[in-house]
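Colleague: I would like to learn how to read packing and interfaces in a model like this one. Where do we begin?

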Amino acid sequence: MTPILSVEQLRVIFERRSGAHVAVDRISFAMNPGEVVALVGESGSGKTATALAIMGLLPDGGHIGPGSAVRLDGQDLLAMPERKLRDLRGRRIAMVFQEPAAALNPVMRVGDQVAEVAIVHHTDDRRGARQRAMAMLERVGLPNAAALYDAYPHELSGGMRQRVMLAAALLLEPALVIADEPTSALDVTVQAQVLRLLLELQRESGTGVLLITHDLGVVAETCERAMVMQAGRIVESASVDDLFHAPKHEYTRELLEAMPRLRKRA
Amino acid sequence: MSDAPLLDVRGLTVTYRAAGLGKARSVTAVNDVSFAIQRGETLALVGESGSGKSTTARAVLRLVGVDAGSISYDGIDLLALRGEALRRHRRRMQVVFQDPYTSLNPRHTIASIVGEGLIVHGIARGDEVAARVAMLLGEVGLSADTAARYPRELSGGQRQRVAIARALAVDPEFLVLDEAVSALDVTTQAHILALIQRLRDARHLTCLFIAHNLAVVQQVATTVAVMYAGRIVEVAPSATLFDAPRHPYTKALLDAVPASDPRDRRDRGVHGSGPPVAHPDALPPSL
């Protein structure tokens, strides 16, 4: 099977006043189509820098080191002109951020923000895009999608905003969605709903999901495979079953040890 | 030892009013909340955002105004304390907030942050302050040379240790921990939780522990009170609450906690975008 995403020797450097800081240090991994893989790590481990590098969205001062390759459907994203990248983003690869409040445009109706994805990519005319967005808002479980279409982000709860983000990200059924801490800002009951929704949509559309999280509970709940990142490197990559029951790297063991566990009733 | 609780909160109601044109809008953040904490006990107040748990903590600390109810501390009517009496009381009750990035003054050295309470409350003066600060830093697992540094030079975990040292400086008997470990990385969180438990036991502290993470709460609390929409919907000893939750909201909260083992993964029952249960007002009075 050809991997949907293949990352080879990826190196991300941030130029700071104090000098160059290597955030991601020659990591390599691949994902198969439709696979749900976790990238786990603590703050500063380089997991978000990895996501932004794949998306071509590194902030100023950040750049990718020579010898790195990021291939989506076999095409090297790092060698691609921005115009072509923009065509892929939203259509073949999409991203969901931790803070939907920051990722959504505060002065644009949420329905239009979902429809915009289809308009930008010329998959539909305005009317078709509106219908497609409306259907998607329903699919992500927003009650009364017709009324919510015209709402502004501030009128929605955090969980509803994240559903809107998922609607926009999955509208064109991309091959890969990178979800960076998609539920970390949500309450636990809402987190459970949003994770479940993400997996439902993933199954229905066959989208691969790279789930970036610090929460091993979220990994246990959603992923088949996980990669553990520490100080810019992937220190362990395994099936979640092996990772939780036969961790090989000391840092993985430390993370598992530190994980607060609820002793549940039988 | 008396049987009277150290902290006794009854009918606590806190309403926030937003000034605006026309009719003032108001939100009752805490609605007729009652609970008691015995000496040496750790009561955890759990709930999701907007449940009123932090406002309850702030009311107990006399940091927000109270609209109704009573707060009694060691037999003293806390809400009646003013001026010098309130200032003196603050020595007995200290707080550690969630975010050590914003709760420590960035322009002060760690020595000055930790030592301030010693001076303000007349506990130490002159050279004695530095000696006490060094001891406190040692107690929270920081080296003595941390004293000369500034908050920005420390990691999140180190800053939270400083916040704990500052709270303990005045030798309080009651500690409010308002999401004190929520913003920390998981390995750091485990270390700070262990530190809090060790200090609590060594100093016989009574604690009000505010948290949203039930697994963390299970580790530290003797009693758990679950808040939802400004009300306490269930209070029970920790063991009872986790083994036999009675309120549907408590059950929903427990069910929503992600599995800690992929083998325990199961299809979740919670779905839809509304709250997991109706407003507690709509539940049968027996709950």
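Modeller: Begin with contact: two residues are in contact if their C-beta atoms, placed from the backbone, lie within 7 Å. Keep in mind that this is a predicted model.

Colleague: Which residues is A:L166 in contact with, leaving aside its neighbours within four places in sequence?

Modeller: A:L166 touches A:V96 and A:V140, and also A:L197, A:L198 and A:L201.

Colleague: How should I read a nonpolar core?

Modeller: In soluble globular proteins, nonpolar side chains tend to be buried together. Here the largest nonpolar core has 162 residues. A:L166 is among those that touch the most other members, along with A:V114, A:A167, A:A226, B:L208, B:F209 and B:V226.

Colleague: Which residues of helix α4 of chain A are buried?

Modeller: Helix α4 of chain A spans residues 110–120, and A:V110, A:G111, A:V114, A:A115, A:V117 and A:A118 are buried. Seen down the axis of α4(A), the buried residues fall within an arc of 140°, so they line one face of the helix.

Colleague: What do the buried residues of α4(A) pack against?

Modeller: Their partners are α5 (126–139), α6 (145–148) and α7 (158–170) of chain A. Just after α4(A), look at the backbone: A:H122 has a positive phi of about 55°.

Colleague: Now the interface. How many residues does each chain give to the contact?

Modeller: Chain A gives 32 residues and chain B gives 32 residues. On the side of chain B that touches chain A, α7 (186–203), α8 (214–220), α9 (238–243) and α10 (248–256) of chain B each supply at least two residues. The largest share, 5 residues, comes from α8(B).

Colleague: What is the make-up of that side of chain B?

Modeller: It divides into 15 nonpolar, 11 polar and 6 charged residues.

Conventions: Residues are numbered from 1 along each chain as its sequence is written. Chains are lettered from A and ligands numbered from 1 in the order in which they are written. This is a predicted model: local features need pLDDT of at least 70, side-chain atom pairs count only at pLDDT 80 or more; totals for chains, interfaces and linings use all residues. Helices (H or I, at least four residues) and strands (E, at least two) are DSSP runs, numbered from the N terminus. Ala, Val, Leu, Ile, Met, Phe, Trp, Tyr, Cys and Pro count as nonpolar, Asp, Glu, Lys and Arg as charged, and the others, Gly among them, as polar. A residue is buried if 20 or more other C-beta atoms lie within 10 Å of its own, exposed if 12 or fewer, and partly exposed in between; C-beta atoms are placed from the backbone. The arc is that of the directions from the helix axis to the C-beta atoms. A nonpolar core is a set of buried Ala, Val, Leu, Ile, Met, Phe, Trp, Tyr and Cys residues joined through C-beta atoms within 7 Å.
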